[in-house]
Amino acid sequence: MSNSSPATHLPATDSDQGEDDDLMRRLGLAAKGIVLARQEGRVFLRLSGVIEYGGLKVPYDLVPAQGVLAKPSKWRKMDADARSSLLRERASDEVIAELHGFVSAFVTEMSDACDDCGLDAQPFLGALADMQISEPAGTVFDRIRQRLEHAVEREMEEQHAERTRQSINLAEYPASFDVARRMKRKFIALLGPTNSGKTHQAIEALAKAPSGVYLAPLRLLALENYERLQGMEQHGKPLKVSLVTGEERRLVAGATHVASTVEMLDTRTPVDVAVVDEIQMLSDRDRGAAWTAAVCGAPAHVVYLVGAPEARRAIEVLAARLECELEVHVLKRKGPLSMEASAVRKMSNLRRGDAVICFSRREVLMWRDMVTELGLSVATVYGNLSPEVRRAQAQRFRDGAADVVVGTDAIAMGLNMPIARIIMTTTVKYNGYEEEEIPAALARQIAGRAGRFGVHEEGLVAGYDNETHKVMRSLLQEKPVPLKTTGFAVAPTLEHLHRISSVTNEHGLAKLLKRFVHNIDVPDGFFYPRITEDQFERAAWLDTLELTVAEKFALSLVPISSKVPSLQRAWEHWATALAAKKITPIKPEQNPLHFMNLQEVEDACRLYSAYAWLAYRQPEYFPDTEAAQQLSRQASERVDSILQDQNSAARKRQPKKFRR
């Protein structure tokens, strides 16, 4: 309420005090509980009384609607008749009765409202007799109503938080995977550095099993191992394999094996063997929850957990928590990996078989141009490229059509190339928030791509400049930091959100996600709720549209960059169209692909891919799945063509003696 100074009677030193006292007595106002007061440069009336309702006795001392009489200076200039006339008007029996009626109605209103909410009305109604308040009664009523509203909101918040805690207990998270929970599962951990043969060993075991699933961290890896499994036999016959990613389904009738991205794990179809690749991704800030789900929910009798040695302790505690037998195999790198004696220093010191590593698309294209100026042919690999383009570029290097690879750390996962030497142009990378030195684990993973077993006797690593060379040497010498053994990330499912909605009657996606993160029961912190900042930001915008929780949840997960204006606009268009229940066909970009520059074609490819992802989840309103995939393939081919053309054009400008 107000922190203003208390209202007082006009001071005794006031020359008019005696006259005013006589006037109040003569008019009989003092006997009616009416006080003449002054505060904050105003002279006003306060009327007091008592209201009885429902066993409550509520005293009040309030300023009526017309209770402010004048400023003190003006009041002093008024003669006794003028003051008397004004007092009779503003403190008449009708005014007193009217105020008493208003207060009575307000007390009734507040008492009933507090009863409905299970709150005590007295703390709120006590403000009616607060002598510090000089505002008119109506303003006082509004403030008290606001206080009650806030109190009700706090009470409801506490109730909803408690109901949410009771509805979801993360300690019971593994039990939510019904098929896996009923199976007797065994974990086999194959842990080792890059080029230790761990994935090869797991895929061999998968191919020999009657049925199985391979879970990849990237669409590129899912695609590569899909084709790899297709080329393998069982009982003299080729394996029947399906491919399932967020954006693509290649379903084969009678398929016994599936290659899938980890987020697309089918937890309801039991298989004999599952392979969870790059298990150290359990600690990934944005995607770690998918690996937690895979370990807890892979419905296989034998689950291979493949990845870096630092994941060992995390795997051990997960296996113990899930009461699964665990067998651990630590593999060694098949060929030596060494730092070069010194930094590369000059472009002329590059040689065929090198991979030059940068950490942004802009830097990759800049270094590509510098390398081609030497007359060397370049394969280009960075994250913005589709899996198809990355594979095509990598294949050019394997086939000898490209002398050097220039890429980002995208080469660290899922691309097997005969790289002789890794050259780091920098060890600083933007992490989504700031520039920072890359972690030792990433440095080891990138460096490990050098020296492909069976192609090179050893792998070599160097920095381009002296400082980068020194830092890289230090990073590779660091002892690996084990993954944390608690706080395994769990992302909300639609079932989680529906459960929270059912107990709170809330339907805003942002509020439901917030409740999932802050209010669900996390008894021992072993499993911990996680959402990405992107999803939460999208949820707040989606809540402005007339969409179901399921629709908003699906849209919040569409794999499309909000940082690219054209892609963000496309996503917003899809969301508003779905809210209006309009069918949205896929349309080729206004400019044909051959008129676009490299960035525009890359963005078109990402747009078509995102549409396909959404089409699989909302086919009624986004019907052109096949067309989107076809357009995405065409865009990928165009990107690859542009990269090759740029590479060829740069080499043609060089004297023949520099060309192969």
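Biologist: Which residues does Ser609 touch, leaving out those up to four places away in sequence?
Modeller: Ser609 touches Arg219, Glu247 and Ser632. Keep in mind that this is a predicted model.

Biologist: Thanks! And which helix does Ser609 lie in?
Modeller: Ser609 is part of helix H21, which covers residues 598-617.

Biologist: Is Ser609 buried or exposed?
Modeller: Ser609 is buried, because its relative accessible area is 11%, and the cut-off for buried is under 20%.

Biologist: Good. New topic: where does Asp640 lie?
Modeller: Asp640 lies in helix H22, residues 625-652.

Biologist: Which side chain of opposite charge is nearest to Asp640?
Modeller: That would be Arg396, 5.8 Å away. Asp640 has no salt bridge, yet Asp640 is buried. A salt bridge would need the charged atoms within 4 Å.

Biologist: So what does Asp640 touch?
Modeller: Setting aside residues up to four places away in sequence, Asp640 touches Val389, Ala392 and Gln393.

Biologist: Switching to cysteines: how many disulfides does a search of the whole structure find?
Modeller: The search finds 0 disulfides. Take Cys296: the nearest cysteine sulfur belongs to Cys324 and is 8.9 Å away, and Cys296 is in no disulfide.

Biologist: Last topic, the strands. Which way do the residues of S20 point?
Modeller: In strand S20, residues 421-424, Arg421 and Ile423 point one way, while Ile422 and Met424 point the other way. All of them are buried. In a regular strand, side chains alternate between the two faces of the sheet.

Biologist: And which strands pair with S20?
Modeller: Strand S17, residues 354-357, runs parallel to S20 and is joined to S20 by 4 bridges. Strand S23, residues 459-463, also pairs with S20 in the parallel sense, over 4 bridges.

Biologist: What are the bridge partners of Met424 in those strands?
Modeller: Met424 in S20 is the bridge partner of Ile357. In S23, the partner of Met424 is Gly463.

Conventions:
Residues are numbered from 1 along each chain as its sequence is written. This is a predicted model: local features need pLDDT of at least 70, side-chain atom pairs count only at pLDDT 80 or more; totals for chains, interfaces and linings use all residues. Side-chain values use heavy atoms; hydrogens and water are left out. Helices (H or I, at least four residues) and strands (E, at least two) are DSSP runs, numbered from the N terminus. Buried means under 20% relative accessible area, exposed over 50%, partly exposed in between (1.4 Å probe, protein chains only). Lys and Arg count as positive and Asp and Glu as negative; His and the chain ends are not counted. Contact means heavy atoms within 4.5 Å. A disulfide is a pair of cysteine sulfur atoms within 2.5 Å. Two strands pair if DSSP finds at least two bridges between them.
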